[in-house]
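Please read these notes with the model open beside you. They go through it point by point.

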Amino acid sequence: MELAFVVAKVFAIYLIVSGAFLVVKGKTLPVILKDFFAHPAVVYLTGVILVFIGSVMLIQYNVWSSSFKVAVTIFGWLALAKGLTYIFFPELLSELPVRKMRSWFGILGVILVVAGIFIFRAL
């Protein structure tokens with residue numbers, strides 16, 4: 001199986017698990033994020049890992065053609081951007097109004113699960 005298929009399937013599983021978490025345990029997310037951002041070293045290491053993952057994906061698949069590899073490319077750019085934000089501007093992410101968005105977690109979770117299943121079955 002081509003590596004791009006594997007990455008896309010892993011991304012689909014990530015979407016399914018993240019969506020299920022939001023549906024089942026979404027109320028705990030503000031507490032988790034508060035604890036996460038209270039530890040700058042963990043935030044920094046998360047950023048480094050995301051930069052590494054995003055860079056590897058972009059080096060391997062920086063493709064902008066009409067295939068599923070575009071999704072892998074977009075995911076790589078998003079991972080790289082999020083990692084750089086964690087490293088250089090963690091206060092931007094820590095100040096997101098997560099508590100105000102809590103009522104949308106269930107809907108967002110269902111959307112993520114459906115998108116993950118769609119991607120997983122499409123490949």
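**Notes on the model**

1. Glu2 is found in the segment before H1. This is a predicted model, and the values here are computed from it. With a relative accessibility of 34%, Glu2 counts as partly exposed, because that class covers what falls between the 20% limit for buried and the 50% limit for exposed. Apart from neighbours within four places in sequence, Glu2 is in contact with Tyr61 and Lys69. Between the C-alpha atoms of Glu2 and Ser67 there are 13 Å, although the two residues are 65 residues apart along the chain.

2. What does the secondary structure of the protein chain come to? There are 6 helices and 0 strands. Read from the N terminus on, the order of the elements is α-α-α-α-α-α. The C-alpha trace spans about 40 × 30 × 20 Å along its principal axes.

3. Of the 123 residues in the protein chain, 29% are buried. Take the contacts between residues at least 6 apart in sequence: 72% of them join residues at least 24 apart.

4. The next two points concern empty space. Rolling a probe the size of a water molecule over the atoms shows where such space is left. The largest pocket has a volume of about 1,300 Å³. Its lining is made up of 33 residues, and those nearest the centre are Tyr14, Ser18, Leu50, Lys82 and Tyr86. Two or more lining residues come from each of helix H1 (3-25), helix H2 (29-37), helix H3 (40-60), helix H4 (69-88) and helix H6 (105-122). H1 gives the most to this lining, with 10 residues. Sorted by class, the lining of the largest pocket has 29 nonpolar, 3 polar and 1 charged residues.

5. The second largest pocket holds about 170 Å³ of space. Pro30, Leu33, Lys34, Phe37, Leu93, Ser94, Leu96, Val98 and Arg99 line it. The elements that give two or more residues to this lining are H2 and helix H5 (90-94). H2 has the largest share, 4 residues. By class, the lining of the second largest pocket divides into 6 nonpolar, 1 polar and 2 charged residues.

6. A pair of aromatic rings is described by the distance of the centres and the angle of the planes. How many aromatic pairs does the structure hold? There are 5. In one of them, the rings of Phe36 and Phe37 have centres 5.0 Å apart and planes at 75 degrees, so this pair is edge-to-face. Both Phe36 and Phe37 are buried.

7. Phe37 also pairs with Tyr86. Here the distance is 6.1 Å centre to centre and the angle between the planes is 40 degrees, and the pair is tilted. Phe37 lies in helix H2 and Tyr86 in helix H4, so the pair ties together parts that are 49 residues apart in sequence. Tyr86, like Phe37, is buried. Each residue also has a place in a pocket lining: Phe37 is in that of the second largest pocket, and Tyr86 is in that of the largest pocket.

8. Two further ring arrangements can be checked on the model. One aromatic cluster is formed by Phe11, Tyr14 and Phe75. Separately, Lys9 lies over the face of Phe120, at 4.2 Å from the ring centre.

Key. Residues are numbered from 1 along each chain as its sequence is written. This is a predicted model: local features need pLDDT of at least 70, side-chain atom pairs count only at pLDDT 80 or more; totals for chains, interfaces and linings use all residues. Side-chain values use heavy atoms; hydrogens and water are left out. On a 1 Å grid over the protein atoms alone, a cavity is a set of points where a 1.4 Å probe fits but cannot get out, and a pocket is an open set with protein on both sides within 12 Å along at least five of seven lines; lining residues have an atom within 4 Å of a point. Grid points are joined across faces, edges and corners, and a volume is the space filled by probe spheres set on the points. Ala, Val, Leu, Ile, Met, Phe, Trp, Tyr, Cys and Pro count as nonpolar, Asp, Glu, Lys and Arg as charged, and the others, Gly among them, as polar. Rings of Phe, Tyr and Trp (its six-membered ring) pair if their centres lie within 6.5 Å; planes under 30 degrees apart count as stacked, over 60 as edge-to-face and the rest as tilted. Buried means under 20% relative accessible area, exposed over 50%, partly exposed in between (1.4 Å probe, protein chains only). A charge sits over a ring if NZ of Lys or CZ of Arg is within 6 Å of the ring centre and within 35 degrees of the ring normal. Contact means heavy atoms within 4.5 Å.
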